[in-house]
Amino acid sequence: MTPASTGPVIQAAYRRALSRGNALARALRAVEHAAGLRPTVVMTYWDPVHRHGPERLARLLADAGAAGAMVVDLPEDQADCWQAAAKAVNLSTPRLVPRHLADTGLATVAASASGWLYAPASTAPTGYRGPLDVPALADFTTRLRAASPLPVVSGMGISTPGLAERVAPLVDAVVIGTPVVRALMTAPEQAPSLTTAFAHALTPYATTETRA
């Protein structure tokens, strides 16, 4: 995922958050709240990391209780810098891995990751609600597992509980973003039941095992 692949729902949520000011302070409060309930990994873009400074932002996230932070559009020439800053405060550094990378590219990205690897379920922008090429995703996850022992997580385009159930056997975890954000922005009262529906779809595949 890059800023260009961010769909309209997530873009609208970003604009709303930014328009209210003090975005970093409010984000850190949200991380602190979430981390008090469950292990929390933050997703962000390189622009705020660069603007606030990798070392400072990593420290702020760690102090708020985050377990990790994934910079979805992390430039390769900044990967070592970000990894060092995060490692210094015990943050994991998951990496998004584009589908188009050759095996050598997969190995390079995997080497700068910790926690897990993110395999997009679709190559379309976030919020895509069409069919998924599940066999193509299966092939991609196989390549990722050959390149790294890290767990593989998938998201983007997993728009319904039914699709989540189809993707779940291929990966170690599923990320649901736009469907929940859309509900929070348009019908907040429906967000809990929607989240529950996704959770129930994934329950048969839940495991306490952790890959090396």
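## Briefing: a cysteine, aromatic pairs and nonpolar cores

C81 is found in helix 5, which spans residues 79-88. The structure described here is a predicted model.

**C81 and its surroundings**

- C81 has a relative accessible area of 31%, so this residue is partly exposed.
- When neighbours within four places in sequence are set aside, C81 is in contact with P54 and E55.
- P54 lies 27 residues from C81 along the chain, and the C-alpha atoms of these two residues are separated by 7.5 Å.

**Aromatic pairs**

- How many aromatic pairs does the structure hold? There are 2.
- Y14 and Y45 form an edge-to-face pair, with 5.8 Å from centre to centre and 85° between the planes.
- This pair links distant parts of the chain, its two residues being 31 residues apart. Y14 belongs to helix 1 (residues 8-19), whereas Y45 sits in the loop between strand 1 (41-44) and helix 3 (46-52).
- Is Y14 buried or partly exposed? With a relative accessible area of 39%, Y14 is partly exposed.
- Y45, by contrast, counts as buried, because its relative accessibility is 13% and the cut-off for buried is under 20%.
- W116 and Y118 also form a pair, with ring centres 6.4 Å apart. Their planes stand at 40°, so the pair is tilted.

**Nonpolar cores**

- In soluble globular proteins, nonpolar side chains tend to be buried together.
- The largest nonpolar core of this model has 25 residues. Which of them touch the most other members? They are V97, L117, L132, L144, I158 and V167.
- Two or more residues of this core come from each of helix 6 (103-111), strand 4 (117-120), helix 7 (134-147), helix 8 (161-167) and helix 10 (191-202).
- Helix 7 provides the largest share of the core, namely 4 residues.
- L144 touches V97, L106, L117, A119 and V152, when residues up to four places away in sequence are not counted.

Key. Residues are numbered from 1 along each chain as its sequence is written. This is a predicted model: local features need pLDDT of at least 70, side-chain atom pairs count only at pLDDT 80 or more; totals for chains, interfaces and linings use all residues. Side-chain values use heavy atoms; hydrogens and water are left out. Buried means under 20% relative accessible area, exposed over 50%, partly exposed in between (1.4 Å probe, protein chains only). Contact means heavy atoms within 4.5 Å. Rings of Phe, Tyr and Trp (its six-membered ring) pair if their centres lie within 6.5 Å; planes under 30 degrees apart count as stacked, over 60 as edge-to-face and the rest as tilted. A nonpolar core is a set of buried Ala, Val, Leu, Ile, Met, Phe, Trp, Tyr and Cys residues joined through side-chain atoms within 4.5 Å.
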